[in-house]
Structure formats: structure tokens, C-alpha cells
Amino acid sequence: MPKITTTDSLVTHTDMEAALEVESGQGSVHKYQPRHKKEVPADTLPPDPRQMRPLPAGQPLEMKPVALESDYWEHALTYMPKNAFVQQLDSVAGVKKNSLVGLKTSGIAGDPVPYLFRTDSFVTIVLMVSFFLVVWVISRSRHYLRHQVKDFFHHRQRENLFAERTQTEMRGQLFLIFQTCFVLGILFFDYTQDYQAQVFNQLSPYKVLGVSVGLCCVYFLLKMAVYAFVNHIFFERKQNEQWAESYMLCVLGLGLALLPVALLVVYFDLSMHNMFISFFCILVIDKMLLLYKCSRIFFSYTLGWVHLFLYFCTLEIAPLFILFRALIYACNFLLTIN
């Protein structure tokens with residue numbers, strides 16, 4: 001147990017003045033004695049900061065500071081070459097010459113910037129080229145598209161002999177279908193970014209976009225093939241041609257209507273909630289137009305609505321859910337093989 005030492009307490013202003021006079025030589029020579037003394041255990045006194053220093057393990061306690069022989073921060077330093085100014089300062093201060101200087105790295109890691117379509121030059125170029133090509137195709141095929149729209153809302157019993165297709169118009173329609181697939185791929189990528197973060201963070205955005213566009217293209221090709229097969233069994237050739245033209249027109253209209261939504265998502269950060277509302281409103285309008293045309297071409301007889309319900313749900317509603325599940329499964333499959 002350590003000895004008991006004494007500390008001063010309750011020092012008055014008069015005692016302090018007397019002590020100062022003695023130290024300055026102006027007062028009488030006497031030793032300052034406090035009025036009250038209080039015994040305090042030595043181990044409870046705060047240590048002197050001047051006597052504190054880091055000690056190596058196994059070394060005895062010494063009051064004289066000893067310089068550490070090894071670099072205490074050697075594992076946390078980053079060594080860089082000294083410039084001319086630092087070397088001049090070292091020579092003036094008499095520091096040992098060394099070509100490297102140690103810098104202690106500090107700070108926190110910054111937040112990574114998320115991937116955005118509007119900062120991607122490739123996506124921007126494709127969107128701009130797609131927009132201008134859509135305008136060019138519509139301007140070149142405006143007469144044919146106008147006749148198609150008239151025939152869509154005014155059912156003709158006879159074929160319109162003046163509305164003849166050309167190779168340019170057919171190629172323009174194929175491009176508009178691809179443009180529809182590209183827009184759907186962009187919208188699904190935005191869904192992946194918000195609801196499938198593990199896929200978005202670990203896969204290349206070009207892979208997700210390419211798989212989405214590819215599956216949408218396969219979806220439309222398979223639908224047209226299934227329509228051709230089923231309609232060839234149950235309906236006449238003239239009805240099948242009318243339905244093929246009407247279906248193609250609705251697909252083109254879907255792509256043109258979704259293009260502004262995709263531009264808002266890419267360049268103006270349209271929220272996912274508003275994107276869903278816009279997408280479903282456009283999709284519902286498109287399916288209602290198809291339902292109307294399907295009833296006029298195939299099921300205009302009595303009790304045709306029963307067959308219409310089976311036909312439309314099997315070939316239009318169910319494939320949408322299959323496409324959505326296929327897109328999610330494809331992204332998860334790419335994540336597993338990545």
C-alpha cells in the first residue's frame with residue numbers, strides 16, 4: 001500500500017499573495033503553509049502528463065522519455081518519394097537523408113456513384129438514333145400507317161387494294177418492333193436497379209439490357225408464330241391477315257407510347273411508382289384495343305365472348321406473366337454463372 005501524501009485545499013487569497021511576495025523577494029521570508037491539509041491516497045492522484053509515454057513491452061518504468069527505435073506507424077504509413085522542398089527542409093533540420101517520406105493514410109471510404117443510363121454514352125447514342133429512326137420511318141410510311149389506323153377502327157369487309165406494302169415499310173415495321181423491345185428492356189433494367197439490387201450490383205448493365213431486349217424479341221416472335229398456328233387452324237386466311245396487321249399496329253403503338261416513358265426514366269429520374277402507373281395505363285389501353293379488334297374479326301357471333309375470353313387470356317394475358325418470370329429467371333441465372 002502506498003504512503004499517504006498531502007495536498008493543499010481551501011487556500012485563501014491572502015495566503016496566495018504572501019507566497020507571491022516571497023517568491024518575488026518583496027515580502028518577509030517565510031515558508032507558505034496552508035491552513036488546512038487533507039490526506040489523499042497517492043494512487044488516486046492524476047498522473048503528470050509530462051511523465052506519460054508509450055512503453056515497449058518488458059521495459060522498466062523510466063521517467064526520462066526514450067525515443068522508439070522502430071517506426072510505431074510503419075504498418076499504417078504510405079511511403080512516397082520526397083520532393084525537392086521536403087529534401088531541403090530535411091537538410092536544414094539535419095534530418096537523415098531519405099528518399100521516401102511516410103504519410104499516414106486517413107479518412108473514410110466514399111460512397112460509390114451508382115450506374116446511370118444518362119451517363120452511359122452507348123445507351124444515349126442508341127436512344128437518340130432510335131428516336132430519329134422512328135421519326136424517319138413514320139414520315140416514310142405515314143400514308144400506309146394512316147390506312148392501317150382507318151382499317152383498325154373501321155372494319156372493312158373487302159381488302160383495301162390501295163394500301164399495298166413495300167419492302168421499305170416492312171423493314172420499318174421490323175425496326176419499330178425492335179425499338180419496342182429495346183424500350184421494354186430499358187424499363188426492365190430500371191426495375192432491376194430498384195428491386196433486384198444483387199443482380200444490378202454484380203452483373204454488367206449491358207448484360208442485363210442485352211438479355212432483356214433479346215427475351216422481348218423472342219417473346220414477340222413466338223407470339224406471332226403461335227398466333228399464325230392457332231389462327232390457321234380455327235379461322236380463315238383473310239381473317240388471319242387482318243389480325244396480323246392489327247396486332248402489328250398495336251405493337252408499334254405500344255413501342256411509340258413507351259418511348260417517352262423510357263426517356264423520362266433515363267434522363268429525368270422518373271420514379272418507379274410513376275413508371276409503373278404509366279406503363280400499366282399504356283399496356284391496358286393497348287390490350288383493350290386488341291380485345292376490340294379480336295372481337296370484331298373473330299368473335300362477332302352470338303356467345304362469341306366465351307371464346308374471346310379463352311382466346312385472349314391464353315394468347316395475350318398469360319404470355320405477359322411468362323415473359324416477366326423469364327426475365328427475372330434469366331437475370332438470376334446470369335448471377336449464378338457470373
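This is a predicted model: local features need pLDDT of at least 70, side-chain atom pairs count only at pLDDT 80 or more; totals for chains, interfaces and linings use all residues.
Leu291 is partly exposed, because its relative accessibility is 34%, and buried would require a value under 20%. This leucine belongs to helix α9. Setting aside residues up to four places away in sequence, Leu291 touches Leu308 and Phe312. Leu308 is 17 residues from Leu291 along the chain, and the C-alpha atoms of the two are separated by 8.2 Å.

How confident is the predictor in each part of the protein? The mean pLDDT of the protein is 75, with 62% of its residues at 70 or more. Helix α9, the element that holds Leu291, has the highest confidence, at 92, while strand β1, covering residues 4–9, has the lowest, at a mean of 43. The pLDDT is below 50 over residues 1–13, a stretch that has 23 contacts in the model beyond near neighbours in sequence. Residues 26–37 are also below 50 in pLDDT, and this stretch has 15 contacts in the model beyond near neighbours in sequence.

The protein contains ten helices and four strands. Read from the N terminus, the order of the elements is β-α-β-β-α-β-α-α-α-α-α-α-α-α. Of the 338 residues in the protein, 30% are buried. Among contacts with a separation of 6 or more, 73% join residues 24 or more positions apart.

The next topic is the nonpolar core. The largest such core has 63 residues, and those with the most contacts inside it are Ile186, Leu187, Trp243, Phe298 and Tyr311. Elements that give two or more residues to this core are α3 (121–140), α4 (142–153), α5 (167–195), α6 (197–202), α7 (205–234), α8 (237–268), α9 (272–297) and α10 (304–337). Helix α8 provides the largest share, 14 residues. Leu187 shows what such contacts look like in detail: not counting residues up to four places away in sequence, Leu187 touches Leu258, Val261, Ala262, Val265, Met275 and Phe279.

The volume of the largest pocket is about 600 Å³. Two or more lining residues come from each of α5, α7, α8, α9 and α10, and α9 gives the most, with eight residues. By class, the lining has 22 nonpolar and four charged residues, and no polar ones. Empty space of this kind is found by rolling a probe the size of a water molecule over the atoms.

Is Ser212 buried or exposed? Ser212 counts as buried, because its relative accessibility is 0%. Leaving aside neighbours within four places in sequence, Ser212 is in contact with Gly185, Phe188 and Leu327.

Pro205 is also placed in helix α7. The relative accessible area of Pro205 is 18%, so this proline is buried, given that the cut-off for buried is under 20%. Not counting residues up to four places away in sequence, Pro205 touches Tyr115 and Phe189. Leu116 is 89 residues from Pro205 along the chain, and their C-alpha atoms are separated by 9.6 Å.

Asp269 counts as partly exposed because its relative accessibility is 47%. Most residues other than glycine have a negative phi. The phi of Asp269, in contrast, is positive, near 50°.

Technical notes:
Residues are numbered from 1 along each chain as its sequence is written. Side-chain values use heavy atoms; hydrogens and water are left out. A nonpolar core is a set of buried Ala, Val, Leu, Ile, Met, Phe, Trp, Tyr and Cys residues joined through side-chain atoms within 4.5 Å. Buried means under 20% relative accessible area, exposed over 50%, partly exposed in between (1.4 Å probe, protein chains only). Contact means heavy atoms within 4.5 Å. On a 1 Å grid over the protein atoms alone, a cavity is a set of points where a 1.4 Å probe fits but cannot get out, and a pocket is an open set with protein on both sides within 12 Å along at least five of seven lines; lining residues have an atom within 4 Å of a point. Grid points are joined across faces, edges and corners, and a volume is the space filled by probe spheres set on the points. Ala, Val, Leu, Ile, Met, Phe, Trp, Tyr, Cys and Pro count as nonpolar, Asp, Glu, Lys and Arg as charged, and the others, Gly among them, as polar. pLDDT is the predictor's confidence in each residue, from 0 to 100.
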